[in-house]
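Here are a few friendly notes to read beside the model. Have a look at the structure first, and then work through the points.

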Amino acid sequence: MYVPFARKYRPRKFSEVVGQEVAVRILRNAVKFNKLSHAYLFAGPRGTGKTTLARILTKALNCLKPEEGEPCGVCENCTAIDRGSFPDLIEIDAASNRGIDDVRAIRDAVSYAPIKGKYKVYILDEAHMLTKEAFNALLKTLEEPPQKTIFLLCTTEYEKIMPTILSRCQRLVFSKLSEAQIVENLKRICDREELQCEEKALYLIAKLSDGGMRDAVSLLDQAGTYGEGKVSTTLLEEFLGIVSQERVREFLVLLLNSDVDGALGFLKDLSLRGYNLVRFCDLLEEEIRGLLLYKSLKEPERVMQVEDFHTKLGDVPLNALLYLEKVVNTVRLDARSRDFLRAFELAIIKTQIVKDIVPISELLKYGVQPSEGEKKPQGKKEEHQEDPIKLLEGRLDTLTLEVLKRSRCERKEGGFLFYIKEGDLTSEEMNKIRALERRIDFVVELKKEEGGALPPFAEKVKDMFGAKVISHEQRSKGKGPSGKGA
Ligand SMILES: Nc1ncnc2c1ncn2[C@@H]1O[C@H](COP(=O)(O)OP(=O)(O)OP(=O)(O)O)[C@@H](O)[C@H]1O
Ligand SMILES: [Mg+2]
Ligand SMILES: [Zn+2]
């Protein structure tokens with residue numbers, strides 16, 4: 001019979017529990033030094049090990065051959081507890097037995113001594129679901145618990161437990177597990193199950209599980225089945241109906257380029273194809289956060305995985321990213337009063353000024369006060385307005401200036417459009433120039449493949465460079481060169 005991973009990989013000893021170091025240590029030492037409380041309250045998020053630790057404690061207390069507070073795992077009692085057939089372990093789901101009669105029944109049963117083991121253990125799961133009367137009935141028992149009886153109350157909603165109960169229990173707080181802890185545990189399971197998995201996919205699972213190990217393990221189980229033994233990000237995204245990281249990044253580049261048409265079209269397409277837009281918005285925020293960290297930290301690799309994507313976009317002004325983050329962040333708030341799609345569309349429209357955002361340090365170079373905001377940095381530079389090269393002289397290295405000098409340049413809407421041959425400038429260089437002089441933009445001319453089509457990576461380049469891409473042929477068909485020739 002197929003045993004789901006979440007059950008199959010439930011830790012059976014204290015040493016197998018991931019995280020929750022404080023709770024583990026307190027319980028293990030309580031067993032080792034025989035200093036048990038009558039009642040414990042395990043409080044913490046779903047799927048972080050509360051029920052698991054309650055069972056391990058029961059084993060440790062009733063094991064016939066315990067070692068240093070650890071259950072042996074093989075004796076009669078240990079195996080009976082693992083199988084769920086130990087008469088002195090009574091698990092009660094308070095969600096379905098929440099009334100006073102249920103608690104009275106417990107109270108009556110409590111007076112009998114353990115049948116098989118040394119301790120009788122009551123696990124009260126979802127303890128916050130008990131009614132007030134039931135809580136009161138329980139109080140009496142907690143106050144004068146019979147010898148060798150232990151109560152373990154588990155809850156995800158600590159605030160809902162009455163103070164009178166709280167004061168009679170020793171409280172152990174369970175915390176969410178970190179991404180690293182989850183990934184490590186998933187890797188171990190993959191090894192045991194001989195699943196082929198991409199590390200990135202495991203991180204995605206960890207992220208989606210939000211600190212809950214049960215969710216993470218179950219997701220791995222399902223993904224492994226779906227992928228027939230393979231767990232990759234692509235399969236996972238397909239299986240969950242979420243937008244791939246690559247696509248999220250494409251979208252982010254559209255926003256950074258203030259390509260409103262492109263971004264709105266992209267969003268509409270996702271919406272039509274039934275993708276989860278809320279999740280998409282989360283992933284987008286995550287990517288913006290990555291860029292912000294990359295730009296803000298001296299050693300970003302210590303807290304994040306630095307990828308080509310980050311280095312390529314390293315020149316995007318911090319102000320632009322902060323603004324974008326703020327706008328995307330308002331989508332959820334905004335969605336309270338309108339449809340999510342509409343709220344998202346509005347945000348996209350707001351992002352169109354991103355491209356005009358120039359670092360304040362650059363404005364200051366022109367002697368423009370930041371408060372003047374909208375005004376274009378001109379001042380005494382006016383006389384150079386007709387020659388973009390003059391605008392940049394002294395602010396760029398000579399090689400880059402040379403490239404610009406020999407490139408075709410067109411005037412467009414008060415700005416300048418340079419036609420750059422593929423390979424002549426890197427995206428960093430173009431971004432740098434754009435940041436220095438926002439009236440300048442680029443068209444990258446790709447070498448044409450045989451047959452006249454643009455090479456397959458044209459779209460990528462377009463997104464990465466934030467520039468239009470044309471083939472040589474298109475260029476010669478276009479309007480004749482005005483301004484400087486090549
Ligand atoms: N700390 C952990 N270390 C290793 N595995 C864990 C841990 N926490 C949870 N798991 C995995 O998740 C499954 C469920 O855990 P458990 O039943 O202990 O969660 P819980 O905290 O009681 O959750 P709930 O509040 O939903 O009852 C376990 O069988 C195990 O596979
Ligand atoms: Mg539980
Ligand atoms: Zn044992």
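1. Which residues in H16 meet which residues in H17? Val-327, Val-328, Thr-330, Val-331 and Asp-334 of H16 meet Ala-343, Phe-344, Leu-346, Ala-347 and Lys-350 of H17. Contact here means that C-beta atoms, placed from the backbone, lie within 7 Å. Seven of these residues are nonpolar, one is polar and two are charged.

2. A word on the model: it is predicted, so local features need pLDDT of at least 70 and side-chain atom pairs count only at pLDDT 80 or more, while totals for chains, interfaces and linings use all residues. Residues are numbered from 1 along each chain as its sequence is written, and chains are lettered from A and ligands numbered from 1 in the order in which they are written.

3. Now the geometry of that pair. Helix H16 (residues 318-334) packs on helix H17 (residues 340-350) at about 155°, with axes 9 Å apart. H16 is therefore roughly antiparallel to H17 (the word is used for angles over 145 degrees, on a scale from 0 to 180).

4. Compare helix H8 (residues 179-193) and helix H9 (residues 199-209): their angle is about 125°, and their axes are 9 Å apart. H8 and H9 are therefore oblique to each other. Their contact includes Ile-182 and Leu-186 of H8, and Leu-202 and Tyr-203 of H9.

5. Finally, look at ligand 1. Of the 23 residues around ligand 1 (C-beta atom within 6 Å), Arg-10, Gly-49, Thr-51, Thr-52 and Arg-214 come nearest. Helices H1 (5-8), H3 (50-62) and H10 (213-226) each give two or more residues to this shell.

Terms used
Helices (H or I, at least four residues) and strands (E, at least two) are DSSP runs, numbered from the N terminus. Angles under 35 degrees count as roughly parallel, over 145 as roughly antiparallel, 65 to 115 as roughly perpendicular and the rest as oblique. Two residues are in contact if their C-beta atoms, placed from the backbone, lie within 7 Å. Ala, Val, Leu, Ile, Met, Phe, Trp, Tyr, Cys and Pro count as nonpolar, Asp, Glu, Lys and Arg as charged, and the others, Gly among them, as polar.
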